[in-house]
Amino acid sequence: MRLVLVGPPGAGKGTQAQFLAAHYSIPHIATGDIFRANLKAGTELGNKAREFMDRGELVPDAITNEMVASRLEEADAVNGFLLDGWPRNVAQAEVLRAMMVEKKTPLNAVLEFSLPDEEIVARLSSRRTCRDCGAPSVGVDKCPTCGGEVYQREDDKAEVIARRLEVYAEQTAPIISFYRNEGLLISISASGSVEEITANAISALSRVAQ
Ligand code: AMP
């Protein structure tokens with residue numbers, strides 16, 4: 001299964017991605033997580049990405065696309081992958097399409113999670129993230145997954161959330177019609193319990209050829 005997840009920040013893509021990647025036995029490739037791991041490790045890539053991430057802007061395509069291209073070359077991605085957070089603009093979607101044409105491995109589906117703006121803001125401003133495992137949580141002092149320390153991501157602060165939503169509307173939302181035109185788009189609601197959304201996603205994806 002070669003799958004792309006699209007949706008506004010806070011739609012729960014990362015959480016769903018983990019379940020779906022386990023269900024289909026494919027690697028979960030999340031560009032935001034890769035950038036954050038590089039920030040934490042103080043790599044050159046992390047230092048280049050930091051100023052864009054802290055402002056809620058997209059990291060330039062040249063940096064991001066190269067990072068994803070090399071990740072997709074790793075052995076675990078040969079038979080499928082789940083991309084979470086890339087592509088995030090039409091230029092990135094064109095790069096992915098060219099890569100898949102070259103490898104003769106077309107995408108199976110693009111799954112869109114939709115959520116009203118008010119709900120996005122409420123979710124992001126209360127979201128905390130684990131410093132150790134990256135899991136999101138709400139209203140707890142310690143990470144419910146691993147017991148690590150939780151913090152508020154710089155880009156989950158109110159001023160940056162507004163900019164991320166603008167960036168989503170201006171740059172990312174256009175890839176939804178791009179993929180609709182390609183006949184790949186499946187849309188589901190991101191409201192409801194984690195279990196309900198996973199069940200809806202798997203049911204929608206079961207109608208897609210693998
Ligand atoms: P996320 O965890 O997916 O919300 O990503 C956090 C931040 O990482 C974004 O706000 C961007 O600054 C950067 N980022 C993640 N994916 C991409 C991408 N595909 N293109 C450019 N920047 C990205």
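Tutor: Partly exposed means a relative accessible area between the two cut-offs: buried is under 20%, exposed is over 50%. Keep that in mind, since this is a predicted model.

Student: Is glutamate 182 buried, exposed or partly exposed?
Tutor: Glutamate 182 has a relative accessible area of 35%. Buried needs under 20% and exposed needs over 50%. Glutamate 182 therefore counts as partly exposed.

Student: Which residue forms a salt bridge with glutamate 182?
Tutor: The closest N and O atoms of the pair are 2.5 Å apart. A salt bridge needs a side-chain nitrogen within 4 Å of a carboxyl oxygen. The partner of glutamate 182 is arginine 97.

Student: How many residues apart are glutamate 182 and arginine 97?
Tutor: Glutamate 182 sits in the loop between α8 and β8. Arginine 97 sits in helix α5, residues 90-103. The pair links distant parts of the chain, and the separation is 85 residues.

Student: Which parts does the pair of arginine 163 and glutamate 57 tie together?
Tutor: These two side chains form a salt bridge, with the closest N and O atoms 2.9 Å apart. They are 106 residues apart in sequence. Arginine 163 is partly exposed at 23%, and glutamate 57 is partly exposed at 24%. The parts tied together are helix α7 (residues 158-172) and the loop between α3 and α4.

Student: Which helix holds both glutamate 119 and arginine 123?
Tutor: Their side chains meet in a salt bridge, 3.2 Å from N to O. The two residues are four apart, about one turn of the helix. That helix covers residues 117-126 and is α6.

Student: Now the cysteines. How many disulfides does the structure hold?
Tutor: A disulfide needs two cysteine sulfur atoms within 2.5 Å. Cysteine 133 has its closest cysteine sulfur, in cysteine 143, at 3.8 Å, too far for a bond. For cysteine 146, the nearest is that of cysteine 130, at 3.6 Å, and cysteine 146 is in no disulfide. The count of disulfides is zero.

Student: Which residue in β4 stands opposite leucine 3?
Tutor: Strand β1 covers residues 2-6, and β4 covers residues 109-114. Four bridges join these parallel strands. Opposite leucine 3 stands alanine 109.

Student: Which residue in β7 stands opposite threonine 129?
Tutor: Strand β5 runs antiparallel to β6, with three bridges. There, threonine 129 stands opposite proline 136. Two bridges join β5 to β7, also antiparallel. In β7, the residue opposite threonine 129 is tyrosine 151.

Student: Which residue in the hairpin of β5 and β6 takes a positive phi?
Tutor: This hairpin has five residues between the strands. The positive phi is near 80 degrees. The residue is glycine 134.

Terms used
Residues are numbered from 1 along each chain as its sequence is written. This is a predicted model: local features need pLDDT of at least 70, side-chain atom pairs count only at pLDDT 80 or more; totals for chains, interfaces and linings use all residues. Side-chain values use heavy atoms; hydrogens and water are left out. Two strands pair if DSSP finds at least two bridges between them. Buried means under 20% relative accessible area, exposed over 50%, partly exposed in between (1.4 Å probe, protein chains only).
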